[in-house]
Amino acid sequence: MHTADHNNSQADSVNRRTFLSNGGISLASVALSQLLCRDLYGREPNALGLPSGLANPGALPHFTAKVKRVIFLYMAGGPSHLETFDFKPELNRLDGQPMPASYTAGQPIAQLQGKELRVQGHLTKFSQHGENGLWISDFLPEHRKIIDKVCVLKSMVTEQINHDPAHTFMNTGTAISGRPSMGSWITYGLGSECDDLPGFVVMTSIGGRNPQPIATRQWSAGCLPSRFQGVEFNAAGEPVHYVKNPAGVSSLMRAQVVDTIRKLDQHRNQLVEDPEIATRVAAYEMAFKMQTSVPQLMDLSDEPDHVLKMYGATPGDGSFAANCLLARRLAERGVRFIQLYHRGWDHHGDLVKHMHTCCGLTDRPTAALLQDLEQRGMLHETLVIWGGEFGRTPMFQGKGGPGRDHHIKGFSMWLAGGGIQPGISYGATDELGYNAVENPIPIRNLHATILHLLGIDHHKLAIKFQGLNLRLTGVEHAEPIRPILS
Amino acid sequence: MYLPFPLPIYISSSAGPCVLKQLPNRPRLWPCCCLAVALCLLAALPSSAQDFSQDIRPLLSDRCFACHGPDADRRESDLRLDQEDSVLADRGDYRIIVPHQPQASQLWTRISSADEDSIMPPPNSGVPPLTAVEQSMIFDWIAQGAPWSTHWAYAMPQEHAIPDVDGTNHQAENWIDAFIANPIQKSGGEFSDVADDMTLIRRLSFDLTGLPPTRSDVLTIQEQGPLGIQRFVDRLLASTAFGERMAVYWLDLVRYADTVGYHGDQDHNISPYRDYVINAFNDNLPWDQFTVEQLAGDLLPEPTQEQIVATGYNRLLQTSHEGGVQPREYLTIYQADRVRNLSAVWMGATVGCAQCHDHKYDPYTAEDFYSLAAFFADIDEARHFDVGSDSVPTKRPPEIPVLSRGQRQLQATYESRLQQLLQESDSVTEQRQKIEASLASLDASARLSMITVAIEPREVRLLPRGNWLDDSGPIMAPSVPQFLQYDFDDIVGDADRANRLHLARWLVDPQRGIGLLTARVFVNRLWMILFGQGLSRSAEDFGGQGQPPSHPELLDQLALEFVRSGWDVKHMLRLITSSRTYRQSSIPKQWHQEHDPENRLFARQNRFRLPAEMIRDTALAASGLLLQRTGGPSIKPYQPAGYYRHLNFPKREYQATQNEEQWRRGLYVHWQRQFLHPMLRAFDAPMREECTAQRARSNTPLAALVLLNDPSFIEAARGMATRVLLAAQPRDKDSVTIQRLFEMAVSRPPDSYELRQLQDLLMAARGEFSVHPQRAEELLSIGMSTTDRELEDCELAAWTTVAHAVLNLNETYTRN
C-alpha cells in the first residue's frame, strides 16, 4: 500500500501544479481556463459537453478590438424618447389634436388599439448642452455633464411591441425563446478576463415603481452551454446563489471537504481517465475561490466616501446606484459583459411622476459611472450602452395622468466609450417622433456594432443550431453603425 | 452575380483550384502544377468512395442550399442543388453535373475556380469556403458518376441484411451487435469488454429508472448469476420509476412547465398531463396511440378522461395575457410555436424555419408551414386574452377537474359501498354520511388541467414574411407537407376538412403516412437515452443540416422493429439493453483514443453526467428521504430567498413544500419557466420554452456551488449519516460505517486510499465539531427533516460532513 500511497500523493501534487499553471495545453489547465468561460471555445468540443454542431468560430478577435468589455444599462419598460433625448417642436404644436392617421394606419399598437389617438406634447422642457448642443430633457440634469461623452442614437427600431418578447428581441435578436443572449454570445466568443468571476454578470436594481418582470431568459445561454449564461449577482442578500457556506460550516472545514473531494475525484480518474473529472476538479477550485471573491467584490466598504457620494450609493441597498458602482468593480476585475437592469420605465400614465422616480434613481449614477470609468482610464476600453426595449408613442395615453403607450418604430438609446464618436447624435425620427426616418437602426445593427467594437465580425460568430448558422444578428442583412465609430 | 454560366475553365493558376493539400486516402503530388495536369491526375488516380448521403449532401446543404436550395424566393440562377433533375438538366451549353466527368461539370468548375467573381460559395456570402479536402470529395463523387439518393431521413427505412461478423471478440448478443461490430471490425478495432456487474447494474438503473440501485438490488443480482441482470431489467421496466424516468425526457420534448412563460409567468394548471405521460410509459401504451391521444385525444370516438387529459399537449406552449397583447398577433405566435414543436418532437424537423420563407435547407415551403398551422386552428384558447388573470394560478380555459388514478379507484370503491348502503336499511345513515363526505372531499381535491376542445376553426392565412398584419396571403387548409403527403388523402377520407386526428394518424401510419420516419426519429432518441448520443448525433434535426447517422442500416432496422413490435417502447429498451453493444465498458482504451475519440463506432459505452433531476434523485435516494409516490401536483424544494423577487403580476413569495413531498423526485419540481429552480438550471435542465431533444452537459463552478451549499444536499448528507449511524453496531469500526456510506452513493466499496481520505476527513470534522458544538447544531438544523435525537450532535455533524463529501464526488453523478 505504501507504493500506492506514494503514487497518489505524487499524482495529487502533479495535478495540482498543472491545474494551477496557466500555460501549456495540459488537460487540467485547459479545464481551468474553460471554467466561467475564460478563453475556451472549440478546443475540445466534446469534452466540453458542447451540443452537436457547436464549432470554433475561428480565431478571435477577428480584428483589433476597440473595447474589452460592455456595460449595458438596460432601462426596462421602455423609456420615452420624447421625454429624454428626442425633442420635437411640432409635437408641442399639435398637442391635444388628433394624431394624423397617415402615421398610425396599419401600424401595430399595444394598449391604445381601438382607442382615439391624440398627440401628446412633450411632458417636460428640453435644452441644449455640450459642445454640439445636443438636446436633453429636464428629467436628466446629470446627463448634461456627460453629454460630450456619449453618442445618442435617435432612430432605433425594434420589432416587438410587448415587453417580454421585446426584451427577448433586444437581448437575443429574435422573439423566439431559447436563443443565446448577447452576453452569452460574447463570452462564448471572447471568454472572460478573470479567473474567479463569471464572464457575464447581471444585476437588477431594487427600488422605484411596480416593475415589469424580467425573466432569466434574458441572460440565458440558450442553445450554448450553460456556462455562458449570465450569472445573476444580487446586491442585497446572498450575492450569488449558493455562494455562502452553509450554517455551521467554517471556511477551514469547507477547505478540507473540497480538498477531499479533489483527492477522491483525481484518484478515481487514474482508473477511468475521464477528462470531465479534470474539468470538475477545476470547477470545484473555482467555486471555492468564488466563495471568497464574490463577497469581496460586493463589499463596498473599501470604496472612499467621495466615490459613494458621486454615485449616490448606499452599500447593500441593491439600488441602481450601488449596482453602477459594482459594475465598475466588475469591470476592473475583468468581467466581459455586465448588464444592469433598472425597471419601472413603463409609463402608460402619470408619466411625469414616474419619470421623476426613474430618472431620480438612475440619472446621477449613470453619469457617475461614465465619469468614474474615465477617471480610472477605463472608459476608452469599455462600451457603455443606455436604453430600453422600445420607446413610447407620440400619442396620449391616460392611465392616471398623461402617459404614453409602447412604441417600436423609432426611439432613442446612447452609446459611450471606446470606438464611439463622443458628443454626437445619429439618426432621426420624423417631426412627431413616430417613425425613424433618417438612418433607421434595427436592433441587429446595434448587435453588429457591439460585436464589431469587441473585435468580432458578426457574420462569423455563429453556431450550428437546428440546421441554421445561428448568429446574434440573424439572417437578414446587418452591419455595424459605421458613421458613429471613431 | 451568382452563377452566370458558363465560364471558361481556368487553366493557368497555380495557386488556384488545384491546391489540394492533405487529401484523404489519396497521395497528391502538387501544389505547383497546372490545373489541366491536376485534373488528369485526379481522373487517373483511384478515388475514394464518397457516400452521397453521408458526405456530399451535407456539404451541398451547408454551403450551397441557402441560395441554390428549396427556398424559391432566394434561389439564384434557377438552380436547385437539392434536386437531382435540376442538377443534371441540360442548360444549353453547360450542365451543372456531367456524371463521371468532373471537368465538364460546372459544379466542379465553380467550386474550384481561382476567380473571386466566379468561385462558389462567393467569398462575401458569409458561407465558409469549401476546403481543399471538401472540394476533392465533390470531385471524386462526380467522377464516380454522382450517385444521388433521397435525403436519408426522408427515405423510408429499408430492411437490411444482418452483417456477417467473424471472430470471438465480436460475439453478438443480438442482431444489433452485428450492425455495430461490422464497422468496428473494418476499422481494425473490437468491442470493449463487458462492463463489470456493478457498473452495469448502476447503468441500467439510471437509464431505465433514473435512480441509483439499492444495496439489495446488487445482492439479489449477484445471487442470481447470469440471469440476474435480465431479471433486473424486467424489474426496472416494471417499476413505476420507469415511467417517471421516461417522462423526464418526454417533458423536455413537449416543453412541459407549470407556468405560462411570458410576462407575468403565472402558474397554469397542467400537472395531470404529467401524470398521463408517466402512466403511459408505465402502461407501455403503444407509442403510436400515445401520439394520437396527445395531439387529438378529444377527436377520438368517446374519449376517456385520460385521453382528454393527454390533449393538454396542445396547451403546453407559452402564453400571455399581458396588457396590450394583440390577440391576433399572439395567435400567430402560438400557431408557429405549435408547428415548431410538432415538427421537432415527431418529425425531427425544423419546419419553424418556413414561417417567413421557404426552408433554406429542407423541402418545407411556407405553404407547408401554414397548412400545418391550420390543423391547430380549432383549438379553443383565445378566451385567456380576456379572462387571464394576474393570479396564481391564472385562468387558461378550457380546463377540467381531474382525479388521479388512485383517487378514481377510491371514488369507485366509495360509490359502490354507497350503493350497497342505500339498498340496506336506514340504520346506517351515519355511515352513509361519512362516505358521502369522503366523496365530496375527493371531488374537492381534483386538480384542474388544461385540455383541448375543438371549436370552429379560425381562418389561417399564409403570412408573407411571417407578418401577422399582412392579410394578403391565401387562406390555408390543414394539410401535411407536400413532399411527405404519401396517402394523406386516404387518411382524411371523405372528411370535409383534415383535422388533428388525421395529422396524428399520418405521423404514425407506416403505410399511408410517415410512420416509419417518425419511428426512426424516436428510436434514435431511445438510443441516445441508452448511450448518451444518438446514432444520428443531431437528435433534434434530421434535416439536411443535421448529422447523418453513423449506422444508417441499424437505425432503419430499429425503426422497423419498433413499428413491427406495435410501437412497444419497453421492448425496444429491453432489446437494446440486452445487446453486447450496450453492455460494454465505457473506459476508453488506447485504440479508442487514437481511432475513435468521439466514439462514433460505439466500440465502447459512453459515460456522462446525470441529468439534473437524477442528481437530485440520487442524493435523495441515498439519504433515505426520497418519497416514492407517483404523480400528483408539483412540489417546491428549498430555494434561495428572493429568487422570485423579479417576478410580478402578481408578486410572489416562494414557499417551499412543508411536508414529506419536499423529498419527491426532480421531475415533480415546480417548473417556473422564467425562474427555473437554480439547482435544475445549474445542471442544464431546460426552461422548456421550446422543444429540447438533447440537453447540454456542462460542468461549471455554479453547479459545484449547488452541490456544496444547496440545503437539499446538506440535508441529504445528514440523512445518509443518520442512516449509517442508526444501522451501525456498537462495535463497528469507522471504516465499516464509511464503507456503507460510500456504497450508498456510488454502489461500490471504497478502496484503501479512498477509505483513508474519508477517515481523515471524519477525524478533522470530529475535531471541528467537538471544539465548536454550536456549529454542529447549526449544520444539523439545515432542512426540515427531524434529527434523530438518539444520535449525538457532534458525531452526526462529523458524519454529515463525510457524507456531504461523498455526495459531491464526480462518480456519484456519473453514469458509466
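Conventions. I noted that this is a predicted model, in which local features need pLDDT of at least 70, side-chain atom pairs count only at pLDDT 80 or more, and totals for chains, interfaces and linings use all residues. Residues are numbered from 1 along each chain as its sequence is written, while chains are lettered from A and ligands numbered from 1 in the order in which they are written.

Confidence. I looked up pLDDT, the predictor's confidence in each residue, from 0 to 100. Chain A averages 86, and 87% of its residues score at least 70. Over residues 1–34 of chain A the pLDDT is below 50, and beyond near neighbours in sequence this stretch has 40 contacts in the model. Residues 36–56 of chain A are also below 50, with 58 such contacts. Where pLDDT is low, the predicted coordinates should not be read in detail.

Contact between chains. I counted two residues as in contact if their C-beta atoms, placed from the backbone, lie within 7 Å. On that rule 75 residues of chain A touch 83 residues of chain B. Helix 8 of chain A gives the largest share of the chain A side, 11 residues. Helices here are DSSP runs (H or I, at least four residues), numbered from the N terminus.

Helix 6 of chain B. Nine of the 12 are buried (20 or more other C-beta atoms within 10 Å of a residue's own), among them B:Trp141. B:Gly145 follows the helix, with a positive phi near 105°.

Conventions: Helix = DSSP H or I, 4+ residues; strand = E, 2+ residues; numbered from the N terminus.
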